[in-house]
Amino acid sequence: MVDAVEQRRAALKRCPPGHSHRSESLNNLAASLGDRFLQRGVPSDLDESIELFRDALLLRPPGQSLRSHSLNNLAVSLGDGFRQRGVPSDLDECIELHRDALLLRPPGHSHRSSSLNNLANSLGDRFRQQGVPSDLDDLGDRFRQQGVLSDLDECIKLHRDALLLRPPGHSLQSHSLNNLAVSLGDRFRQRGIPSDLDECIELHRDALLLHPPGHSLQSHSLNNLAVSLGDRFTQRGVPSDLDESFNLFTQLPHTSHAVSRQDLAAAKSWATAAEETNHASALLAYQTALKFLDQHVTLLSSSSRNFDVIRMATASLAVDAFSCSIRHRALTTAVELVEQGHAVFWTQLAHLSSPFDELSLPGDTGKVLVEEFKQLSSRLHAMFDWSTEDQSSQIQQLTIQWNDVLSRIRMLPDCSRFLLPPLFSDLQKAADEGPVIIVNASQYSRDALIVLRDQDPVHIPIDITQTYVSELSTEFQSVAEQFGCSDQQDKLVGILRKLWHHIVEPVVQALGVLNDHTRGKETICHRFTSHLIPPHWRHSFVQDSRNPEGGKELQCVAPEVAAIARRLAPIVSSFTSIQDSDATVQVVLDALNDNQWLHLACHGMPNRQRPFESSFAMRDGPLMIKDIIRSNWQNPEFAFLSACHTTVGDENSPDESIHLAAAMQFSGFHSVIGSMWSVDDDVARQVVSTFYDKLVDDSGRLDCRRAVVALHKAVKKLRRDNVPLEQQIVFVHIGI
C-alpha cells in the first residue's frame, strides 16, 4: 500500500497544474490514500484523500465525461469522514454529491448500481444517525420511476436492484449482499419482522462464502453473520443459533492476512457478545482483540497523529479484559492482558528507542538483521511527528521495512517472543522488593490484585459500583478545579476517606494477612509500566526557567535551586546550572546529553486537547513532549519536575498516560517526580529542600531508589507546617 501511494505521489509531481492527465493523477493518489486509511485508520490519509478528490472534481466540470466518477469518489470519502468523526455536514455533502452522480448515470449506465447503492447507504446512514424521516421519503422522490416509495422499504428495494446488477461473478456482489443484509437487519430492529432477520442471515452467509480465509474482509463478514445469529437467538432462543454465532467468532484468531481495524472491531464485537451471554469464549475474545491491537499498532507510523486511532481502539479494552480474566480465575492472565493493553502508544515508541544492546543473533544473517533493525529503529525514532508529505510517506515506508525485519527476527531460534508483550513471569519481577497492587475499575467488575514475587496473585474484590466510581471521579474533578478555597478541604478529605474505605483499606488488610510476603516496600499502583533500566550514573543537572509570557512569576525558584546546589555540590562529580536567559529549549536538550539527573523548576503547561504539545516553559518557547520523545539522552536516571500539571494528560485516554512525567520516563529516566495539579511556589521550595536532604543515603551518595521514601518524608514535614492538604499530596512518584 505504501508503494502504491508513493508511486502515485511521484506520478502527480510529473503532472503539474495544466497537465492533461492531472485530474486522473489526483484521483489515483486520492484513491490509494483512501485505501490506506481503510486499512490502517490514520485520519491524515483520509483528510488528504478528500482534498485531492476535491481538486480532481474542480478539473472535471459539468459535461466532462469523468465527472460522475469524481462526484462519487468525493462522496464516498466524505462518508468515510463522517463515520470517522461524526460531523453531520460531511454526510450532508456526501448525499448531495451522490444525488448529482446518480443523475449522470441513467438506467443502463454501467455504474448505476454503484450510485443506487451508495445513495441508499448514505441516506440510511443519516436516518439512523439523526432519525430524519424525510431522508427515507427523499428516496421515493429521487426514484419515483420505480414506484411509489417511502421509508426503509425503499432503501431495501434499491439494494435489491443494485444486487440484480451484480450477478454471481461480479466483483462487487459481496458488497451488495452485505448492504442488503444490513438494511434488512435494520428493518428487523425497527419492526421486528422475523423474515427480515432470516433473509439477513442468509445474505450474510452468501457474502461470507465470497470472503474465504485470507480475504481482507473475512472477519467483517464473520462478525456480521455472528451478530445476526446472536440477534435471532435473543429473539427466539434457539441454542443452535448461539452455538453457530460463537463458532464463527472463534475463527477470528486464525486470521492470516495483515490485521486491519475491521479485524480488531470484529474481535471486540466478539468480546461484547460473549460478555452479554456469559459465554465461555469471552477470555479468548479479549486475548484475540489485544493480539490484533498489538499487530495493528505496529503498522502505524510513530506519529502523534496516530494517537487518536490508538485511543479509540483501546477504549476500555484492557480494563474489561482484566475483569474478564478475574471472573475466569485466570489471575496471571489478568496481569498480562492489562499490561498488554496499557500504554500501547508508549510501548510502540519504546520499541523504536531502545538501544537493543542485548540483541545478538548468531551467524551472518543474524548480524545483518540486528544491524538493519537498529538502524531502522533509530531512524523512525528520530522522525517522530514529522509532518510534511514527503516525510510522512518516508516514515510509512520505513515502518513497513521495520515490521518486515521484526518478522524475520522472530523466525530465528529463541527469538519468537522478541518485542511481544511480556509474560507474567517477566512482570512478576517487579514485585521482588515488595508487592505490587493493581486496581482496576471495569464496567463488569471492580477489583484489586496483589502481585507477589514467589506465588500466584491474590484477588481482592472491591465492593462498589461503576456508577459510584464515576461519581467519585466527577466529585474529585469538581473539587480540584477549586483548590485554594478553604471550603474545598473538607470535601477533599471526604473523597479520600471514601477511597480509603472502599479501595485502600481492603488491600491493606489483605497485605496484613500476607505479611510473610511484605517485608520490602509496598508499591501501590494502578497499572504495570514497562521500561528498560540503564545503569547508574553520578552527575546532576539543575534547570531554572522563570516566567513565560502570561505566566505567573516564580518567586521561589532561585532559593529552591540554591538549596539544591548547596546540598548536592559536595556530592556529585559534575553540576550544571542553567538559569534565566540561558534556559532555552536547545540548551536544555543539549545539557541532558551530559547529565543523568535533572531538576526542572519552571512552569508546566498541559494541553488536554493536544497532549503531545504539553510543555515546559523555556525562555525561548515551549519544550514539548514531542521534543522529549525525539531526544536520545544517554542513560538518564532521575528527574524532579518542580512544575505544575506534569502528570496531567488526556482524561479520555487514561490508559495511555500522555503527560510530561510519562514522557520523561519514556526517555529513560528510572525515577520521576511530578505534580497532579498547580503547585504553590513556596511549597515546592519546602518539598525540594527536604527531599534532597533525605535522598542522600548514609554513605553520602545519591540513590534514586530512595526517591519514594524521601518524598514521603518531605510531605510529612509539610503536615506539621499547616500546609493545605491538596498541596501536601500534589507531588507523585512514578518509576522505581
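Q: Which residues form a nonpolar patch on the surface?
A: Patches are made of residues with over 30% relative accessible area and no salt bridge, nonpolar side chains (Val, Leu, Ile, Met, Phe, Trp, Tyr) being joined within 5 Å and like charges within 9 Å. A salt bridge places a side-chain nitrogen of Lys or Arg within 4 Å of a carboxyl oxygen of Asp or Glu. In this predicted model, local features need pLDDT of at least 70 and side-chain atom pairs pLDDT 80 or more, while totals for chains, interfaces and linings use all residues. Residues are numbered from 1 along each chain, and side-chain values use heavy atoms, without hydrogens and water. Here Trp500, Val504 and Val508 form the patch, with about 250 Å² of accessible area together (Shrake-Rupley method, 1.4 Å probe, only the protein chains shown counting as cover).

Q: Is Ala684 buried or exposed?
A: Buried means under 20% relative accessible area, exposed over 50%, and partly exposed in between (1.4 Å probe, protein chains only). Ala684 counts as buried because its relative accessibility is 5%, whereas Trp500, at 42%, counts as partly exposed.

Q: How is the packing of two helices described?
A: Two packed helices are described by the angle between their axes and the distance between the axes. Axes are lines fitted to C-alpha atoms, for helices over the stretch in contact, with angles from 0 to 180 degrees between N-to-C directions. Helices (H or I, at least four residues) are DSSP runs numbered from the N terminus. Helix 14 (residues 282-297) and helix 17 (residues 331-340) pack at about 30°, with axes 10 Å apart. They are therefore roughly parallel (angles under 35 degrees).

Key: Helices (H or I, at least four residues) and strands (E, at least two) are DSSP runs, numbered from the N terminus. Angles under 35 degrees count as roughly parallel, over 145 as roughly antiparallel, 65 to 115 as roughly perpendicular and the rest as oblique.
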